[in-house]
Amino acid sequence: MTETPHPAAGGAPTLRRGSLGTADIAFFVVSAAAPLTVMAGVAPLALLVGGIGAPVGYLAAGVTLAVFAVGFTTMSRHVRNAGGFYAYITQGLGRPAGFGAALLALLGYLGMNIGVFGLLGSATRDTVQALTGHQVPWLLPALIGLVVIWYGGFRSIDFGAKLLGVLLLAETGILVLLAAAVLLKGGAHGLSLHSFAPGNVLTGGMPGVLAMAFAAFTGFESTVIYRREARDPDRTVPRATYLAVAFLGLFYAFVVWMVVQAYGDAEVVAAAAQDPGGLFFTAIDRYVGAWAADLMHVLIVTSILASLLAFHNATSRYGLALAEEGLLPRALGRIHPRHRSPYLSGIAQSVLALVVVVVFAAAGADPYTQLLLWVNTPGMLALVALQLLAALAVPCWFRRRPGHGEGVLRTVVAPVVAAVLLSGALWLVVDHIELLTGASATVNRVLVLIVPAVLAAGLLYALRTRARRPEVYAAFGAEPVEAAEPVEAADSAGPVGDASLDARSPAAGAV
């Protein structure tokens, strides 16, 4: 592929435009959610809390996020800034809110990325022990994973898309195999739809299930971060967003329902209580065979690797965007001349992850209950809060732009409904935080308060930047200046309008 630098960047290389189609972007998003890990690791707890009505919780979360996606993707056709959440919030709610959103986005994506290295270490340790009987220290696979993920992010985006496609097909394939076997054998006592009966859905445990279900979709909104590298982003980004939400909602609900059928309506909760970590493994051993249970152990590790790579790529691009904005060191905005990846941003987050992982290991912390849950939880809360702020930003942005050509359903009704639903979701997650962390009340309080503290720090940072660096403040979250030059020959499938990546127009930005 010709590596023609973009003139707007002063001869510097740019991200590889026109590399990603709808399926590629969807692979990144669904891989970040780690379907196999969510099902085998979290769904048993959802069944314990909500009973056999748990599948409906995943459907409800999917519907809520689909409503959010209506306004979110409509705005994506008009806002060409690839900064994702913070750009939308800046242009809809103003620059101070945008600064806060930028810091929340960093907290969210770094937290979701770094904490999962603890899960990688513990899952690999458990897999090795289950398959060989030998024990390995969790730190070793975590450190190996750090190198693997760094290299995957260092390579070109299309390399990452192909790798994630293979890993995602493998992890979803094993769940489809389990579901198909249960269907063919008719479950434990015949197939039943009791999971969807109102009496089994409207229970006291359903709020807890919803809290876990919303957490299972974390990262789906990162489709817009790949706008620069997408083919025809006005089409591919919305399609990938809807595809990811629809797939995750339906797939999660279907798989959990199948596990209920595998054990039976009356027996599944007791089975989950007796061995939550082995619920899926026992089911696939019973319906498919021991070899499939062994394979599932291995694929959980690859599922975690896929999630890490997807979040690594998204975080690197957030770092790139914020470096271009001037909020992070400009060096983090450098792009590799051959692979066209934001390699210095990737190195920076890998070094940060290394420091955090080593510190937790040196302190004797548990890789799952402490490294994963203590680091991931603020990240997950930050991303849900960002979804809420983005939903509020949509009608504000369109209200100031008459003649935009979009209907009121997309620009007002859907975003307002989404904001209400997401407010409820955020409250549910916070109110049931102990289900997600298993930590003490004091630890949970600290984990929750990190999010408003970071948001407040962003607002103060905005005021400081406005006073000391007014030119940076004025250009923050603005639209890229469209260049007249044609796109590169190798990337000709992308739209010409996305040509400039670095120059920004303050006049097009937020109020």
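**Group meeting: pockets, a patch and salt bridges**

Let's start at A188, which sits in the loop between α8 (157-185) and α9 (198-201). Helices here are DSSP runs of H or I with at least four residues, strands are E runs of at least two, and both are numbered from the N terminus. A188 has 34% relative accessibility, so A188 counts as partly exposed. On that scale, buried is under 20% relative accessible area, exposed is over 50%, and partly exposed is in between, with a 1.4 Å probe and protein chains only.

A word on the source. This is a predicted model, where local features need pLDDT of at least 70 and side-chain atom pairs need pLDDT 80 or more, while totals for chains, interfaces and linings use all residues. Numbering runs from 1 along each chain as its sequence is written, and side-chain values use heavy atoms, without hydrogens or water.

The largest pocket has a volume of about 1,100 Å³. Of its 44 lining residues, T37, G41, V42, Y368 and L372 are the closest to the centre. A pocket, on a 1 Å grid over the protein atoms alone, is an open set of points where a 1.4 Å probe fits, with protein on both sides within 12 Å along at least five of seven lines; lining residues have an atom within 4 Å of a point. Volume is the space filled by probe spheres set on the points, which are joined across faces, edges and corners.

Which helix gives the most to this lining? α2, with eight residues. Several helices supply at least two residues each, among them α1 (22-33), α2 (35-50), α14 (290-325) and α16 (367-399). By class, the lining holds 27 nonpolar, 13 polar and four charged residues. Nonpolar means Ala, Val, Leu, Ile, Met, Phe, Trp, Tyr, Cys and Pro; charged means Asp, Glu, Lys and Arg; the others, Gly among them, are polar.

The second largest pocket holds about 150 Å³. Two or more of its lining residues come from each of α16, α17 (408-431) and α19 (441-468). The lining includes L104, L381, L426 and P452. Its class count is 11 nonpolar, no polar and no charged.

Next, the surface. V408, L409, V412, V413, V416, V417, V420 and L421 make a nonpolar patch of about 640 Å². Patch residues have over 30% relative accessible area and no salt bridge; nonpolar side chains (Val, Leu, Ile, Met, Phe, Trp, Tyr) are joined within 5 Å, like charges within 9 Å. Areas come from Shrake-Rupley with a 1.4 Å probe, and for residues only the protein chains shown count as cover. L409 lies in helix α17 and is exposed, at 57%.

Last, salt bridges. How many does the whole structure have? Three. The criterion is a side-chain nitrogen of Lys or Arg within 4 Å of a carboxyl oxygen of Asp or Glu.

R77 pairs with E406, closest N and O atoms 3.1 Å apart. R77 is in the loop between α3 (54-76) and α4 (85-93), and E406 is in the loop between α16 and α17, so the pair ties together parts 329 residues apart in sequence.

D126 bridges to R125 at 3.5 Å. D126 is partly exposed at 40%, and R125 is partly exposed at 25%.

D232 meets R235 at 3.3 Å, N to O. D232 is partly exposed at 29%, and R235 is partly exposed at 47%.
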